[in-house]
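This report describes the strands, the sheet pairing and the aromatic contacts of one protein model. Please keep the sequence and the structure in view while reading.

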Amino acid sequence: MLALTLTADLTGVTNLQPLDTAEEPYFYTFKVQCTSCRETHPNWVSISRFESTDISGSKGEANFVWRCKACKRESTASIKDAPKTYTHSSPPTRQTIIEFDCRGLEFTEFQANGEWVAKGLETPTKFTAIDLAEGEWYDFDEKSGEEVCVKDVKWEIRRA
């Protein structure tokens, strides 16, 4: 099991999470490495918890099925549950966003491509279309009259 963790400095917002619904799935984008031969795939790959692929030679399926070009082994990854929210904390703490059951592969890097959502820390304001690709996001909460932001974003892939 691998976990994608996030550490970020949230100002004026909490409950940060990827917008990941059946109608609008989030595609988690990673660099992938074979655990047999340690070859790293040159391209970024994307995985959605709402898409499944059959595993060859098996009755099972996984969210991501990949054959290593170097050693020809087939590997799989499945998302276990819906993503968790990242809650405001001071100082910022590392929190798990989502967990993967990986067989024969490891994710080595994460790219935050896609829409994230959050809510105001002390107001009912909902923030959508949050883009964390650059590692930070700034906006203004009309209800509190304060600037809100997500900054110092650090992603880590760890054993769960």
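## Terms and basis

A residue counts as buried under 20% relative accessible area, as exposed over 50% and as partly exposed in between, with a 1.4 Å probe and protein chains only. The model is predicted: local features need pLDDT of at least 70, side-chain atom pairs count only at pLDDT 80 or more, and totals for chains, interfaces and linings use all residues. Residues are numbered from 1 along each chain as its sequence is written, and side-chain values use heavy atoms, with hydrogens and water left out.

## Overall architecture

The protein chain contains 0 helices and 14 strands; helices (H or I, at least four residues) and strands (E, at least two) are DSSP runs, numbered from the N terminus. The C-alpha trace spans about 60 × 30 × 25 Å along its principal axes.

Of the 160 residues in the protein chain, 40% count as buried. The accessible surface amounts to about 8700 Å², and 44% of this area belongs to carbon and sulfur atoms; the areas come from the Shrake-Rupley method with a 1.4 Å probe, and for residues only the protein chains shown count as cover. Among contacts (heavy atoms within 4.5 Å) between residues at least 6 apart in sequence, 58% join residues at least 24 apart.

Strand β3, residues 28-34, is mostly covered, with 7 of its 7 residues buried. Y28, F30, V32 and C34 point one way from β3, while T29, K31 and Q33 point the other way.

Two strands pair if DSSP finds at least two bridges between them. β3 pairs with strand β4 (residues 45-47) in the antiparallel sense over 3 bridges, and F30 stands opposite V45 in β4. An antiparallel pairing over 6 bridges also joins β3 to strand β10 (residues 105-111); here Q33 faces E106 in β10 as its opposite residue.

## The sheet β2-β11-β12

An open sheet of 3 strands has the order β2-β11-β12, with antiparallel pairing. Its edge strands, β2 (13-18) and β12 (126-131), each pair on one side only. The twist averages 25° from one strand to the next; axes are lines fitted to C-alpha atoms, for helices over the stretch in contact, and angles run from 0 to 180 degrees between N-to-C directions.

Strand β11 (residues 115-120) pairs with β12 in the antiparallel sense over 4 bridges. K126 in β12 is the bridge partner of K119.

## Aromatic pairs

Rings of Phe, Tyr and Trp (its six-membered ring) pair if their centres lie within 6.5 Å; planes under 30 degrees apart count as stacked, over 60 as edge-to-face and the rest as tilted. By this rule there are 11 aromatic pairs. One of them is the tilted pair of F64 and F107, at 6.3 Å centre to centre and 50° between the planes. This pair links distant parts of the chain, as F64 lies in strand β7 (residues 64-67) and F107 in strand β10, 43 residues apart. F64 counts as buried at 11% relative accessibility, and F107 is buried at 4%.

The ring centres of F110 and W155 are 4.7 Å apart and the planes stand at 65°, so this pair is edge-to-face. F110 in strand β10 and W155 in strand β14 (residues 146-159) are 45 residues apart, and the pair links distant parts of the chain. F110 is buried, with a relative accessible area of 11%, whereas W155 is partly exposed at 23%. One aromatic cluster is formed by Y26, Y28, F30, F64, F100, F107, F110, W116 and W155.
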